[in-house]
Amino acid sequence: MNIMDYYLWIVVFHVMAVMSWMAMLFYQPRLYVYHTEHKNKPDFVEVVKIQEYKMYKYIGLPAMWATVISGLWMLFLRPELLQGDIWMYAKILVVIVLMAYSFSLEYYRVQLEREDYSKSGNFFRAYNEVPTVLSLLIVGYVITKTFSFAFTFITLAIGTFVIYRVIKQVPKDIKK
């Protein structure tokens, strides 16, 4: 039996790793919203800090590396995926941006843990939309196996609009 016989199992592992990583990417900023908006409730914030730490360190970071390693392994086994249309290169570029986003969550987590932060709940609400936009690009490239400037531009434009609208929201405690 050769390694290619296991390729589909590597794909299964990759998809599960991506799902775990995305769960952290979607939920971690929401924890930061709770943290910043309830800073006057120290007991609550202490519980949220534990959740932030465990979500990032025990779920998100291992899942990110499992995603990257299994993805590289699949490319090693099927290098033809890097030939032809540039969709795979676009996907890899977006994954690199998503990794940078993931590392930025750790940066903010450490700031919040030290209570040395200046970002608002609205900022983290808007920041929470970034992985959605990036994952839409990745899924679009993978499913269609093509790169479309129109799809990329429209996705980024709609994502930017949504993020702008979220940032401009007036917090509930300020509304009249």
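Where is glutamate 115 found? Let's start there and then look at a few other spots in this predicted model.

## Glutamate 115 and the helix before it

Glutamate 115 is found in the loop between α3 and α4, with α4 covering residues 121-127. This residue follows α3, and its phi is positive, about 60 degrees, even though glutamate 115 is not a glycine. How much of it is open to the outside? With a relative accessible area of 40%, glutamate 115 counts as partly exposed, because that label covers values between 20% and 50%.

Helix α3 itself takes in residues 87-113, which makes 27 residues.

## Lysine 145

Now hop along to lysine 145, found in the loop between α5 and α6, where α6 is residues 149-167. Lysine 145 isn't a glycine, yet its phi is positive, near 50 degrees. Its relative accessible area is 45%, so lysine 145 is partly exposed.

## Serine 135

Serine 135 has its place in helix α5, which runs over residues 130-144. Is this serine buried or exposed? Serine 135 is buried, because its relative accessible area is 16% and the cut-off for buried is under 20%.

Which residues does serine 135 touch, if you skip those up to four places away in sequence? The answer is Met22 and Phe26.

Methods:
Residues numbered from 1 in each chain as written. Predicted model: local features only at pLDDT ≥ 70, side-chain atom pairs only at ≥ 80, totals over all residues. Heavy atoms only, no water. Helix = DSSP H or I, 4+ residues; strand = E, 2+ residues; numbered from the N terminus. Buried < 20%, exposed > 50% of the residue type's maximum accessible area, 1.4 Å probe, protein only. Contact = heavy atoms within 4.5 Å. Expected span 1.5 Å × (residues − 1).
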